[in-house]
Amino acid sequence: GYLGSVITQAFFNRGMVEKLVIYDNLMYNQTSLLDLSNNPNFTFHYGDVREWSKLKYIVEQCDVIIPLAALVGFPSCEKDKELATSINLTQIQNIVDVLTDDQKILFPNTNSGYGTRTNKGEVDETDELTPISHYGVTKCDAEDYILENSNGIIFRLATVFGSSSRMRLDLLVNEFVYKLLTD
C-alpha cells in the first residue's frame, strides 16, 4: 500500500537498505514504486501473499520482512472473514514458520486491537488487547503468533493521516485533513 511504499522508499533512498524486494499484487493500481524501477538494487515480484510457494521463496531471500499486506477495517473483514483471515493471519503464520534466527519480522499492527474501553480513558502497550472486530482479532492473533514464535518486533500504529494519492476518507483524521485541504 501507499504507506508501505513511502516507508520502504525512505529507508532505501537513504542507503539504510542494501537491497529492496517488494512482493505485491498491485490491488490498488499504485504507481508509487515506479521511481525505483531502474535501481539495480530494487526487485519487484508480482503476486498474492496467499500464493505461499512464491511468498516463501522471497521470504527465504530477505534479512528483514515487513509484511504490509492486509485486508483492512471492520467492513471489509466482516464481509469476507475467510479472506481476511488468510491475508491478515495465515500469511503471517506462514512467514514466521520459515524464518531463521538470522531473520527479523517487523509487524505493523493496528490500534483496533485495543477494543472498547469504558472504564479507562487512555491505553498503552501494557494494556491487554481486546479486539471487538474480525479485523482486530486477525491482526492481534498475528501479533501473538509473531511474539510466541519469532524474534519479531511489533509496532502498534495509530491511524496514519495526511494527504495521499489514495485517501481513505472513512477514517476520521483523514476526513479532517481532506476537508481542511478542500473546504
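Buried means under 20% relative accessible area, exposed means over 50%, and partly exposed lies in between (1.4 Å probe, protein chains only). Keep that scale in hand for the tour.

This is a predicted model, where local features need pLDDT of at least 70, side-chain atom pairs count only at pLDDT 80 or more, and totals for chains, interfaces and linings use all residues. Residues are numbered from 1 along each chain as its sequence is written, and side-chain values use heavy atoms, with hydrogens and water left out.

Stop 1: Select Cys 140. It is buried, with a relative accessible area of 4%. Now pick Cys 77, which is buried too, at 0%. Searching the whole structure for disulfides (a pair of cysteine sulfur atoms within 2.5 Å) gives zero.

**Stop 2: helix H4.** Helices (H or I, at least four residues) and strands (E, at least two) are DSSP runs, numbered from the N terminus. Select residues 81–98. This is H4, with 18 residues. From first C-alpha to last it reaches 25 Å, close to the 26 Å expected at 1.5 Å a residue; that expected span is 1.5 Å times one less than the number of residues. Stop at Thr 90. H4 bends there by about 35°, the angle between axes fitted to the seven residues ending at that point and the seven starting there.

Colour the buried residues of H4, among them Ala 84, Ile 87 and Leu 89. What covers them? The cover includes helix H2 (52–59), strand E3 (64–65), helix H3 (74–79), strand E4 (104–110) and helix H5 (134–149), with contact meaning heavy atoms within 4.5 Å.

**Stop 3: strand E1.** Select residues 20–24. Four of the five residues of E1 are buried, so the strand is largely enclosed by the rest of the structure. Five bridges join E1 to E2, and the two run parallel; strands pair if DSSP finds at least two bridges between them. Find Leu 20: Phe 42 of E2 stands opposite.

**Stop 4: salt bridges.** A salt bridge is a side-chain nitrogen of Lys or Arg within 4 Å of a carboxyl oxygen of Asp or Glu. The structure holds five. Select Arg 156 and Glu 143, which meet at 2.6 Å, N to O. Arg 156 lies in strand E5 (residues 153–157) and Glu 143 in helix H5, so the pair ties together parts 13 residues apart in sequence. Glu 143 is buried, at 2%. Arg 156 is partly exposed, at 28%.

Finish at Asp 48 and Arg 50. Their closest N and O atoms are 2.7 Å apart. Asp 48 is buried at 13%, whereas Arg 50 is partly exposed at 45%.
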